Amino acid sequence: MPRMAEYLQKVLREVRELRAASFLKEIEIDRNHFHLRRVIPPTYAVSRVVGILKNVTCRRLKEQFPHVLSKVY
């Protein structure tokens, strides 16, 4: 779904909770998963950053594409 992939890229670039904490270097989106490289300062726990990314992207994708994600969840 190219439209969903484009939207996901946009969301990953806009995550406000991480603006000052880290920056995105690279995103690669495949059919059912994605890879990203993000620079995270040592003052932040990687697990916290990943949790924020998962929370924000999941919520925003469910809002934007409920018809697609209702089949999965």
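Predicted model: local features only at pLDDT ≥ 70, side-chain atom pairs only at ≥ 80, totals over all residues.

Reader: Ok, and where does Lys-10 lie?
Author: Lys-10 lies in helix H1. Helices (H or I, at least four residues) and strands (E, at least two) are DSSP runs, numbered from the N terminus.

Reader: How many helices and strands does the protein chain have?
Author: Three helices and two strands. Along the sequence they come in the pattern α-β-β-α-α.

Reader: Back to H1, what span should its residues have?
Author: H1 covers residues 2–14, so its 13 residues should span 18 Å at 1.5 Å a residue, and its end C-alpha atoms are 19 Å apart, which agrees. The expected span is 1.5 Å times one less than the number of residues.

Reader: Which residues of H1 are buried?
Author: Met-4, Tyr-7, Leu-8, Val-11 and Leu-12. They cover an arc of only 135 degrees around the axis, which puts them on the same side of H1. That arc is taken from the directions from the helix axis to the C-beta atoms.

Reader: Why would residues a few places apart point the same way?
Author: An α-helix has 3.6 residues a turn, so residues three or four places apart point the same way.

Reader: And what's on the face of H1 turned away from the buried side?
Author: Exposed residues: Pro-2, Arg-3, Glu-6 and Arg-13.

Reader: New topic. At what angle do H1 and H2 pack?
Author: About 140 degrees, with their axes 10 Å apart; H2 is residues 46–64. Axes here are lines fitted to C-alpha atoms, for helices over the stretch in contact, and angles run from 0 to 180 degrees between N-to-C directions. H1 and H2 are therefore oblique to each other, since under 35 degrees counts as roughly parallel, over 145 as roughly antiparallel, 65 to 115 as roughly perpendicular and the rest as oblique.

Reader: Which residues make the contact?
Author: From H1, Arg-3, Met-4, Tyr-7, Leu-8, Val-11, Leu-12 and Glu-14; from H2, Leu-53, Val-56, Thr-57, Arg-60, Leu-61 and Gln-64. Contact means heavy atoms within 4.5 Å.

Reader: Let's zoom in on Thr-57. Buried or exposed?
Author: Thr-57 has 7% relative accessibility, so it counts as buried. Thr-57 touches Leu-8, Val-11 and Leu-12, leaving out residues up to four places away in sequence.

Reader: How far apart are Lys-10 and Thr-57?
Author: They're 47 residues apart in sequence and 9.9 Å apart in space, C-alpha to C-alpha.

Reader: Which other residues are buried in H2?
Author: Besides Thr-57, there's Val-49, Ile-52, Leu-53, Val-56 and Leu-61.

Reader: Last one: what share of the protein chain is buried?
Author: Buried residues make up 27% of its 73 residues.

Technical notes:
Residues numbered from 1 in each chain as written. Heavy atoms only, no water. Buried < 20%, exposed > 50% of the residue type's maximum accessible area, 1.4 Å probe, protein only.
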